[in-house]
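Student: I'm new to this one. Could you show me the model and let me ask how we know what we say about it?

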Amino acid sequence: MRTWTAGDAVGLALRSWLWMAFVTTPATTLLGAAWLAAASSPPDVGSAALTVLLVPVPTGLVSLAGAVLAMPFTFVLGRVLVHGRAHRLTAIVAHAVLAGVLAALGMQVVVALWSGSWTPPLNWQLLVSVPAGLAAAIGTVRHTAPVRVAPPRSAVPDDRATGSMIER
């Protein structure tokens, strides 16, 4: 059985961050901005477009710091899952939950420092934890995909195509 290394944790965190920064966060921002624009009367398309253009960039930068801070947790979770011989689906769900919880806690700290209150509304944590968990799930699926191994070649090459004879 293979072991879980620090390189695996770094690779998974980097892959998950890429999914979050370039796919799940922009998609969530687009959906949220469209929903808020549609809910306003009259629809505020300009504000929604500005939100879609401005929010993903700082979120991507902050989530990079979050990915770096999540690496030790990812390493420990990966070691536990490999040692316990967990199924791939269990690993995917566990890494998604870990990413969502860490993102929610990180957002709790950011909002609390910004507002001065440690009891901000729950919607901000959900707004960050859902794309983080989804990105981690996608990253885990891609990172833990089964690798196809080619059958081993013969130790002695057979060069029949060129007509040379090789003694065995």
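**Asking how we know**

Tutor: To start, 29% of the 168 residues of the chain count as buried. Keep in mind that this is a predicted model.

Student: What makes up the secondary structure of the chain?

Tutor: Five helices and zero strands. Going along the sequence, the pattern reads α-α-α-α-α.

Student: What makes Thr25 count as buried?

Tutor: Its relative accessible area is 6%, and buried means under 20%, so Thr25 is buried. You'll find Thr25 in helix α1. Leaving out residues up to four places away in sequence, Thr25 touches Met20, Pro56, Thr59 and Pro131.

Student: How far apart are Thr29 and Leu53, in sequence and in space?

Tutor: They are 24 residues apart in sequence, and 9.1 Å apart in space from C-alpha to C-alpha. For the chain as a whole, take contacts between residues at least 6 apart in sequence: 66% of them join residues at least 24 apart.

Student: Let's go to helix α3. Why is Thr74 called buried?

Tutor: Thr74 lies in helix α3. Its relative accessible area is 7%; with buried set at under 20%, Thr74 is therefore buried. Setting aside neighbours within four places in sequence, Thr74 is in contact with Trp4, Ala9, Leu12, His95 and Leu98.

Student: Why are α2 and α3 called roughly parallel?

Tutor: Look at the angle. The axes of helix α2 (residues 45-54) and helix α3 (residues 56-83) cross at roughly 30° and come within 5 Å. Angles under 35 degrees count as roughly parallel, so α2 and α3 are roughly parallel to each other.

Student: Which residues meet there?

Tutor: On the α2 side, Thr51, Val52, Leu53 and Leu54; on the α3 side, Pro56, Val57 and Pro58. Sorted by class, this contact of α2 with α3 has six nonpolar residues, one polar and no charged ones.

Student: How do you know that the length of α5 agrees with what a helix should span?

Tutor: Helix α5 (residues 123-143) has 21 residues, and at 1.5 Å a residue it should span 30 Å. The expected span uses one less than the number of residues. The end C-alpha atoms of α5 are 30 Å apart, so the two agree.

Student: What do the buried residues of α5 pack against?

Tutor: They pack against α1 (6-39) and α4 (88-115). Among those buried residues of α5 are Gln125, Val128, Pro131 and Thr140.

Student: What makes Arg85 count as exposed?

Tutor: Arg85 has 63% relative accessibility, and exposed means over 50%, so Arg85 counts as exposed. Arg85 sits in the loop between α3 and α4. Arg85 also has a positive phi of about 55°, although it is not a glycine. Most residues other than glycine have a negative phi.

Student: Where is there a cis peptide bond?

Tutor: From Ser41 to Pro42, where omega is near -5°. Pro42 is in the loop between α1 and α2. Most peptide bonds are trans.

Conventions. Residues are numbered from 1 along each chain as its sequence is written. This is a predicted model: local features need pLDDT of at least 70, side-chain atom pairs count only at pLDDT 80 or more; totals for chains, interfaces and linings use all residues. Side-chain values use heavy atoms; hydrogens and water are left out. Helices (H or I, at least four residues) and strands (E, at least two) are DSSP runs, numbered from the N terminus. Buried means under 20% relative accessible area, exposed over 50%, partly exposed in between (1.4 Å probe, protein chains only). Contact means heavy atoms within 4.5 Å. Axes are lines fitted to C-alpha atoms, for helices over the stretch in contact, and angles run from 0 to 180 degrees between N-to-C directions. Angles under 35 degrees count as roughly parallel, over 145 as roughly antiparallel, 65 to 115 as roughly perpendicular and the rest as oblique. Ala, Val, Leu, Ile, Met, Phe, Trp, Tyr, Cys and Pro count as nonpolar, Asp, Glu, Lys and Arg as charged, and the others, Gly among them, as polar.
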